[in-house]
Amino acid sequence: MVDLDWRVEAQAGVSLVELTVHNPGRTARRVRVANRLDGAVWPPRREGVAAAGWDDGGFEGVVAAGGRRALGYASPAAPTEPPAEVVWTERAGVAEPADRSALRATPDGVVRTLGAARPPADAVPRPTEPDPVPDAVESWLGALDDRSTAPTAAEREALEVVARRAGALADRSADERPSPGDSR
Amino acid sequence: MILAIAGGKGGVGKSTVSLNLGAELDAVVVDADLSMADLPTARGPDLHDVLAGRADPVEAVREDGPVDLLPCGRTLAGARAGEVAALASALDAVESIYDRVVVDCPAGMAADVGVPLLAADAAVLVTSSREFALADAVRTRALARELDAGLAAVALNRTGREPPTETLRRALGARVVAVPDDGRVRRAQRQGRPVASLAPDSRPAARFVALAETVRTGTLTR
């Protein structure tokens with residue numbers, strides 16, 4: 001038989017479950033560990049898909065003779081004790097690898113092994129809010145900002161003029177808002 | 001039958017071979033190059049929508065073009081949102097209705113190549129006779145083998161006068177069909193059409209017929 005060592009803690013409304021499955025026997029055993037929490041299993045993920053052996057109900061995999069397997073998952077349910085249980089075990093076949101099941105035979109296995117080629121989040125343009133600063137102003141300031149050298153005297157003067165005018169315009173109260181012709 | 005068109009290297013003409021082979025085999029061509037799609041696009045649901053669970057794969061197939069096509073979206077956001085593992089069942093669904101499916105795979109060796117190879121019954125390797133393209137072809141062949149997609153044929157694309165077909169046949173262990181470099185192929189491709197529709201009597205059109213024939217015999221005898 002196998003022993004299950006468990007620990008569960010709640011953090012930010014999520015239960016984090018840590019499990020150790022120990023097989024003291026002399027033969028490898030296939031083990032089914034089921035979630036007992038009253039909520040979905042959030043399994044560990046590899047390349048965006050559930051790690052090998054995990055499904056909606058828990059984990060199934062092989063523990064080597066005399067070996068241990070560490071497992072962990074999360075769940076949106078409140079912690080209960082024990083959070084998980086071993087529902088069955090059986091003697092594992094000789095050909096079953098102890099730590100990696102179903103290497104590539106499924107689409108998920110392929111993704112896990114080869115890695116998803118999705119573009120990184122940084123590469124995806126965000127839906128942009130309309131920028132309140134006009135493009136010309138933005139690019140002028142941006143160019144000064146990106147440059148490694150300090151602004152020249154003329155540029156510094158220009159910046160100060162802009163700052164003064166921008167401050168003065170922003171300070172005007174709503175009732176004396178200028179007509180479009182006055183703003184230049 | 002699901003036929004994956006792969007090659008590892010980018011820019012060797014996988015999309016061109018897919019479109020022309022799809023036309024010859026009367027198959028649905030699936031543009032599975034999720035982040036750098038190259039085949040014609042169309043309004044309506046595309047493969048990004050299918051992989052994100054927003055559209056049915058069969059309903060996303062367009063039958064109004066010169067070749068039946070399941071187009072792919074062009075946005076990086078769409079490429080990121082989809083589950084590449086879902087591609088396998090999408091290809092199966094299209095095959096169950098249309099019978100023959102040609103998948104234009106992306107470059108590289110990641111899961112977006114592995115999943116179509118897993119779903120495919122056979123693969124066609126596209127390569128050019130450059131050394132670096134050949135190295136990628138050998139790696140892709142190894143991956144196809146591991147995922148149980150037999151090598152139906154090798155398309156040696158954009159060849160010059162004396163293509164090294166025999167050398168390649170020995171190296172890759174499959175029938176090699178050379179397709180000569182020809183401006184008409186590129187022109188047809190830009191219009192999203194097979195070269196046979198533009199220049200039916202041209203040499204490249206004849207070579208794509210030969211490639212289709214090789215694929216047919218290669219997949220039947222296995």
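This talk describes selected features of chains A and B in a predicted model.

Good morning, colleagues. I shall begin with the overall division of chain A. Its domain assignment gives domain 1, covering residues 3-122, and domain 2, covering residues 128-172. The centres of these two domains of chain A, taken over C-alpha atoms, are separated by 55 Å. A:L144 and A:A52 are 92 residues apart in sequence, and their C-alpha atoms are 51 Å apart in space.

Let me turn to a sheet in chain A. Three strands make up an open sheet, in the order β6-β3-β8, with antiparallel pairing. Which strands of chain A lie at the edges? They are β6, residues 58-63, and β8, residues 84-91, each of which pairs on one side only. On average, neighbouring strands of this sheet are turned by 20 degrees against each other, with direction ignored. Strand β3 of chain A, residues 29-35, is joined to β8(A) by 7 bridges, and the two run antiparallel.

I come now to the aromatic residues. How many aromatic pairs does a search of the whole structure find? Over all chains, the search finds 2. One of these is formed by A:W54 and A:F59, a tilted pair at 5.3 Å centre to centre, with 55 degrees between the planes. Are A:W54 and A:F59 buried or exposed? Both residues are buried. Another pair is that of A:W54 and A:Y73, whose ring centres are 5.7 Å apart; their planes stand at 55 degrees, so this pair too is tilted. The reasoning rests on the cut-offs: planes under 30 degrees apart would count as stacked and those over 60 as edge-to-face, so a value of 55 degrees falls to the tilted class.

This pair of A:W54 and A:Y73 links distant parts of the chain, 19 residues apart. A:W54 sits in the loop between β5 (49-50) and β6 of chain A, whereas A:Y73 belongs to strand β7 of chain A, residues 68-75. Why is A:W54 classed as buried? Its relative accessible area is 12%, and the class applies under 20%. A:Y73 is likewise buried, with a relative accessible area of 6%. Together, A:W54, A:F59 and A:Y73 form one aromatic cluster.

Next, the helices of chain A. The axes of α2, residues 135-146, and α3, residues 153-171, come within 13 Å and cross at roughly 135 degrees. That angle makes α2(A) oblique to α3(A). The crossing of α2(A) past α3(A) is left-handed. A:L144, already mentioned for its distance from A:A52, lies in helix α2 of chain A. A:L144 is buried, with a relative accessible area of 15%.

Finally, I turn to chain B and its strand β2, residues 28-31. From this strand, B:V28 and B:V30 point one way, while B:V29 and B:D31 point the other way. Which of these four are buried? All of them are buried. To strand β4 of chain B, residues 101-104, β2(B) is joined by 4 bridges, the two running parallel. Within that pairing, B:D31 has B:D104 in β4(B) as its bridge partner. Strand β3 of chain B, residues 69-70, is also joined to β2(B), by 2 bridges and again in parallel. There, B:V29 is partnered by B:L69 in β3(B).

Thank you for your attention.

Definitions and conventions: Residues are numbered from 1 along each chain as its sequence is written. Chains are lettered from A and ligands numbered from 1 in the order in which they are written. This is a predicted model: local features need pLDDT of at least 70, side-chain atom pairs count only at pLDDT 80 or more; totals for chains, interfaces and linings use all residues. Side-chain values use heavy atoms; hydrogens and water are left out. Two strands pair if DSSP finds at least two bridges between them. Axes are lines fitted to C-alpha atoms, for helices over the stretch in contact, and angles run from 0 to 180 degrees between N-to-C directions. Domain bounds come from an automatic or database domain assignment. Rings of Phe, Tyr and Trp (its six-membered ring) pair if their centres lie within 6.5 Å; planes under 30 degrees apart count as stacked, over 60 as edge-to-face and the rest as tilted. Buried means under 20% relative accessible area, exposed over 50%, partly exposed in between (1.4 Å probe, protein chains only). Angles under 35 degrees count as roughly parallel, over 145 as roughly antiparallel, 65 to 115 as roughly perpendicular and the rest as oblique. A crossing is left-handed if the near helix is turned anticlockwise from the far one by less than a right angle, and right-handed if clockwise.
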